[in-house]
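Welcome! Here is a short briefing for anyone meeting this structure for the first time. Please keep the picture open while you read.

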Amino acid sequence: MPPTLTDPALAYLLAAAGLDLTDAEKADLVGIHDSLAAMKARVRQKRGHMAEPAHTFGFNEEDLG
Amino acid sequence: MTIPTLAEAARLIAGRKLSPVELTTECLTRIEAHDDTLHAFVVVTEERALADARTAEAAIMRDGPISPLHGIPMGLKDIVDTAGIPTTCQSKILQDNIPQKDATCAARLAAAGTVLMGKLTTHEFADGGPSFDLPKPPAANPWNPAHFTAGSSSGTAAAVASGMILCGIGTDTGGSIRGPAALCGIAGIKPTYGVVSRAGVAPAAFSLDHIGPMAWTAEDCAMMLQVLAGPDAADPASATQPVPDYTALIGNSLKGVRIGVIRHFHEQDLKVAPSVQKGIDDAVALFRDQGAAISDVTLSPLQDWHACGSLISITERAAAYEEWARTRLNDFSERVQRRLMLGALVSGVDYVQAVRRRRELRTELRAAMAELDVVITAGAPNEAPKLDGVPRWDVFAAPNFTIPFNVAGYPAIAVCSGFGPAGLPVSMQIVGKPFQEATVFQVADAFEKATDHRSKRPPLVG
């Protein structure tokens with residue numbers, strides 16, 4: 001089961017994002033929370049520390065010039 | 001006049017057998033006749049179009065065409081900056097926005113001598129949709145105006161399908177070129193990430209955004225991409241690879257071409273409608289008959305690709321529009337408001353885990369394609385739904401077949417693979433290796449020319 005999105009947790013997240021939502025909008029977000037949590041579970045794989053983000057970069061010629 | 005393909009028009013114009021002014025006038029007539037129904041245009045630049053056409057015609061008569069697109073009527077999605085012409089992103093927030101400078105893609109098309117017909121309907125900031133609470137209504141599907149075009153390059157697809165333009169610019173963050181191409185029965189390619197500059201185009205999600213051509217055929221898209229591709233210092237992700245001849249392989253035999261079928265995507269992960277499945281099965285049989293080597297490919301489930309791309313998209317979009325989300329949230333459409341609100345629920349750690357997953361998925365696709373030239377799967381699961389039948393939270397309703405190739409950055413084209421029981425188009429995707437668009441066009445063109453799907457235009461426009 002995904003973690004429950006409590007009212008205080010949602011209030012904290014929205015405040016951090018600087019969003020001021022109506023009660024209906026908050027209910028809308030609570031309603032899709034499980035679906036979003038399922039997406040988050042899918043990107044978490046058993047992986048080692050060398051499994052780096054896709055856009056970890058090297059230095060190109062311009063950096064070295 | 002029967003509306004020609006871009007390739008046909010280019011040949012006729014070069015041979016001085018088709019007047020750009022007459023062609024432009026025909027397109028304007030179609031806009032006049034059908035745009036009240038289709039809502040493909042946000043702005044029709046009639047005076048500019050006729051001026052461009054007259055200039056092109058005079059130059060061609062004097063010196064011949066400067067490019068295969070010289071004198072060709074085209075349109076730009078309304079998130080593409082155009083100097084002196086409103087660029088509203090179909091948003092209340094930018095109703096008065098008139099850019100000073102053309103986006104790189106607009107400038108390259110202008111330099112090639114194209115005729116700008118206007119700015120094309122989009123979902124707001126290339127997101128959400130269809131929305132009925134925006135300054136303009138959503139585009140309608142030319143095959144049946146009660147139905148959805150998909151988006152976000154909705155106006156471009158509707159305008160090409162109905163012959164109001166011969167080609168146009170779309171943008172694609174999770175399928176916004178290929179989805180509308182699929183549902184409107186045209187061709188649309190998302191090139192390799194970085195091939196077409198994003199400079200001057202409103203962002204949707206930085207690392208997933210692609211700009212690309214939409215037209216009636218794959219060959220038309222290849223001709224348009226030839227003009228658009230190439231390095232641009234104004235885009236930090238612009239690729240520096242030399243631009244190949246994208247039409248070089250068109251007409252070549254498929255003998256020996258290695259084609260993989262990601263069968264589980266469309267047969268198990270998200271089972272497509274029988275008409276979509278038939279289109280793919282017919283294509284596989286046709287490719288085999290033409291000498292291609294066919295094999296099955298197995299990747300991670302479509303849902304994994306969709307989750308990875310969606311989390312990245314939600315977060316990057318929330319970052320791109322953070323200031324307006326904080327200060328003007330109610331000025332966005334309801335659908336885009338919901339998308340922006342989602343950003344509050346995705347943490348930095350979630351985003352990084354998605355980007356780590358992205359590397360794994362890209363590595364997986366590279367390995368799967370090591371001995372292949374292209375892979376194919378569905379373009380959309382079914383015919384177009386009704387305009388009022390699109391789920392409020394469509395991102396969670398079902399995975400889509402297009403976002404895996406935004407996640408990977410690989411080139412992917414959607415082509416019409418037939419028609420469903422409602423008479424609306426169905427589609428498949430052909431996906432190539434990075435910078436191998438020429439092979440994608442070769443396979444797509446071979447399919448189009450061996451079938452009769454390109455001979456049928458929407459009944460609305462004849």
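**A first look at the two chains**

In chain A, buried residues account for 12% of its 65 residues; a residue is buried if 20 or more other C-beta atoms lie within 10 Å of its own, exposed if 12 or fewer, and partly exposed in between, with C-beta atoms placed from the backbone. In chain B, 61% of the 462 residues count as buried. This is a predicted model, in which local features need pLDDT of at least 70 and side-chain atom pairs count only at pLDDT 80 or more, while totals for chains, interfaces and linings use all residues. Residues are numbered from 1 along each chain as its sequence is written, and chains are lettered from A and ligands numbered from 1 in the order in which they are written.

**Chain A**

- Chain A has three helices and zero strands; helices (H or I, at least four residues) and strands (E, at least two) are DSSP runs, numbered from the N terminus.
- Read from the N terminus, its elements follow the order α-α-α.
- The radius of gyration of chain A is 19 Å, whereas a compact globule of 65 residues would have one near 11 Å. This radius is taken over C-alpha atoms, and the globule rule is 2.2 Å times the number of residues to the power 0.38.
- The C-alpha trace of chain A spans about 55 × 30 × 15 Å along its principal axes.

**Chain B**

- Chain B contains 16 helices and 11 strands.
- For 462 residues, a compact globule would have a radius of gyration near 23 Å, and the 20 Å of chain B agrees with that.
- Along the principal axes, the C-alpha atoms of chain B fill a box of roughly 60 × 60 × 45 Å.
- Taking contacts in chain B between residues at least 6 apart in sequence, 79% join residues at least 24 apart. Two residues are in contact if their C-beta atoms, placed from the backbone, lie within 7 Å.

**Where the chains meet**

- The contact between the chains draws 25 residues from chain A and 28 residues from chain B.
- On the side of chain A that touches chain B, the elements giving two or more residues are helix H1 (7–17) and helix H2 (23–42) of chain A.
- H2(A) gives the most to that side, with 10 residues.
- The residues on that side of chain A comprise 13 nonpolar, five polar and seven charged. Here Ala, Val, Leu, Ile, Met, Phe, Trp, Tyr, Cys and Pro count as nonpolar, Asp, Glu, Lys and Arg as charged, and the others, Gly among them, as polar.

**Two helix pairs to find**

- Two packed helices are described by the angle between their axes and the distance between the axes.
- How do H2(A) and H10(B) cross? Their axes come within 8 Å and cross at roughly 105°. Axes are lines fitted to C-alpha atoms, for helices over the stretch in contact, and angles run from 0 to 180 degrees between N-to-C directions.
- H2(A) and H10(B) are therefore roughly perpendicular to each other. Angles under 35 degrees count as roughly parallel, over 145 as roughly antiparallel, 65 to 115 as roughly perpendicular and the rest as oblique.
- A:Met39, A:Lys40 and A:Arg42 of H2(A) meet B:Gln303, B:Asp304, B:Ala307, B:Ser310 and B:Leu311 of H10(B).
- H10(B) is mostly covered, with 16 of its 19 residues buried.
- Within chain B, helix H7 (residues 218–228) and helix H16 (residues 437–450) pack at an angle of about 155°, with their axes 8 Å apart.
- H7(B) and H16(B) are therefore roughly antiparallel to each other.

**Two buried residues of chain B**

- B:Glu383 lies in the loop between strand E9 (374–378) and helix H14 (394–397) of chain B.
- B:Glu383 is buried because 25 other C-beta atoms lie within 10 Å.
- Beyond its neighbours within four places in sequence, B:Glu383 contacts B:Ser275, B:Gly420, B:Ala422, B:Leu424 and B:Val426.
- B:Cys416 sits in strand E10 (residues 412–419) of chain B.
- B:Cys416 is buried because 26 other C-beta atoms lie within 10 Å.
- Not counting residues up to four places away in sequence, B:Cys416 touches B:Gly185, B:Ile186, B:Pro425, B:Ser427 and B:His453.
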